[in-house]
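Please read this briefing alongside the sequence and the structure shown below.

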Amino acid sequence: MKPPVVIGLAPPETSPKTYNPEQYGDQADLIAQRWMAWSAVALLIVTTIGVILVGITVWQTRSVLFEARRTADAASDTLAATRTIGDRQLRPYILYDSADNTYWTAEDGRQSGSVDISFRNCGQNPGIITNRMATVSGPKKGGGWHWIGDQFSRGRVILGPGQTTKFRFSTTSADDKGRFSWYEIGVLISYHDQYGTTYEDHVWLTFDLREFRQDYMAAGERKFRRPEDWPEQPKD
């Protein structure tokens with residue numbers, strides 16, 4: 001028999017690996033830097049999302065405030081319009097009602113004319129008439145108008161709803177042959193309600209020797225003298 005073959009095995013390497021602290025320190029720093037970078041990116045994303053959400057909230061809040069302001073303005077306008085409508089419904093309206101032309105003989109024997117003009121309160125509250133004036137114009141030879149005169153009167157006249165009052169104004173005089181001409185008269189009245197709010201109404205009338213007609217075109221061509229420009233009236 002052949003003798004057995006003995007195979008020799010190398011002894012295991014028992015020497016430990018060498019430990020390098022600098023290598024592990026660099027790896028730890030690299031990992032920490034990576035975490036810091038990712039944290040910064042995550043913080044930036046979160047901050048951006050927060051800014052966007054805050055912007056959306058601010059925009060929504062601004063829209064709500066804008067709509068609330070529009071609603072408040074609309075309510076204020078509605079209230080003002082309602083108040084205006086109420087004031088117009090409750091205020092006095094003293095308007096022209098009728099006119100009656102008359103002739104009379106003066107002391108010198110010359111005939112003169114006058115007109116009684118009635119006004120009616122068509123409103124729902126009393127009106128207090130304080131001033132009235134009239135301006136009279138007549139035709140002149142060759143065409144056109146000539147001013148005859150102004151008349152002023154002050155005094156309180158209380159006119160309830162539906163009531164009428166009458167004012168008399170002088171108009172024209174007859175010529176040497178006793179003939180009258182047609183004329184135009186404008187009347188302006190100033191009045192106020194029980195709260196002191198002042199109003200004005202006026203009428204322009206043309207008398208053609210047969211009847212009166214309301215002349216709407218004359219209002220733009222003639223002007224009244226304002227009450228503050230009227231001459232002082234002697235006190236009773």
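Strands β3 and β6 pair in the antiparallel sense over nine bridges, where two strands pair if DSSP finds at least two bridges between them, and strands themselves are DSSP runs (E, at least two residues) numbered from the N terminus, as are helices (H or I, at least four residues). Within this pairing, Ser-137 has Glu-184 in β6 as its bridge partner. This is a predicted model, in which local features need pLDDT of at least 70 and side-chain atom pairs count only at pLDDT 80 or more, while totals for chains, interfaces and linings use all residues. Residues are numbered from 1 along each chain as its sequence is written, and side-chain values use heavy atoms, with hydrogens and water left out.

**The five-stranded sheet**

- An open sheet of five strands runs in the order β4-β3-β6-β7-β8, with antiparallel pairing.
- Its edge strands are β4 and β8, each of which pairs on one side only.
- Neighbouring strands of this sheet are turned by 25° against each other on average, direction ignored, where axes are lines fitted to C-alpha atoms, for helices over the stretch in contact, and angles run from 0 to 180 degrees between N-to-C directions.

**The three-stranded sheet**

- A second open sheet, of three strands, has the order β1-β2-β5 and is likewise described by antiparallel pairing.
- The edge strands here are β1 (94-105) and β5, each pairing on one side only, and neighbouring strands are turned by 20° against each other on average, direction ignored.
- Strands β1 and β2 are joined in the antiparallel sense over 11 bridges, and Ser-98 has Ser-118 in β2 as its bridge partner.
- These two strands, β1 and β2, form a hairpin with five residues between them, and Gly-109 in the turn has a positive phi of about 85°.
- Strand β2 is mostly covered, with nine of its 11 residues buried (buried means under 20% relative accessible area, exposed over 50%, and partly exposed in between, with a 1.4 Å probe and protein chains only).

**The nonpolar core**

- The largest nonpolar core has 21 residues, of which Ile-117, Phe-119, Phe-169, Ile-185 and Val-187 touch the most other members; such a core is a set of buried Ala, Val, Leu, Ile, Met, Phe, Trp, Tyr and Cys residues joined through side-chain atoms within 4.5 Å.
- The elements giving two or more residues to this core are β2 (111-121), β3 (127-139), β4 (145-159), β5 (164-173), β6 (183-192) and β7 (198-207).
- Strand β6 supplies the largest share of this core, namely five residues.

**Aromatic contacts**

- The structure holds six aromatic pairs, where rings of Phe, Tyr and Trp (its six-membered ring) pair if their centres lie within 6.5 Å, and planes under 30 degrees apart count as stacked, over 60 as edge-to-face and the rest as tilted.
- In one of these pairs, the rings of Tyr-183 and Phe-207 have centres 5.6 Å apart and planes at 45°, so the pair is tilted.
- Because Tyr-183 lies in strand β6 and Phe-207 in strand β7, this pair ties together parts that are 24 residues apart in sequence.
- Tyr-183 counts as buried at 1% relative accessibility, and Phe-207 counts as buried at 5%.
- Tyr-183 also forms an edge-to-face pair with Phe-212, at 6.4 Å centre to centre and with 75° between the planes.
- Tyr-183, Phe-207 and Phe-212 form one aromatic cluster.
- The charged end of Arg-91 sits over the ring of Tyr-93, 4.0 Å from its centre, and Arg-91 also lies over the face of Tyr-199, at 3.9 Å from the ring centre; a charge sits over a ring if NZ of Lys or CZ of Arg is within 6 Å of the ring centre and within 35 degrees of the ring normal.

**Salt bridges**

- A search of the whole structure finds four salt bridges, each defined as a side-chain nitrogen of Lys or Arg within 4 Å of a carboxyl oxygen of Asp or Glu.
- One of them joins Asp-116 to Arg-168, with the closest N and O atoms 2.6 Å apart, and Arg-168 in β5 is also the bridge partner of Asp-116.
- Asp-116 counts as buried at 9% relative accessibility, whereas Arg-168 counts as exposed at 56%.
- Arg-70 forms a salt bridge with Glu-67, the closest N and O atoms being 3.8 Å apart, and both residues lie in helix α1 (residues 21-90), three residues apart, about one turn of the helix.
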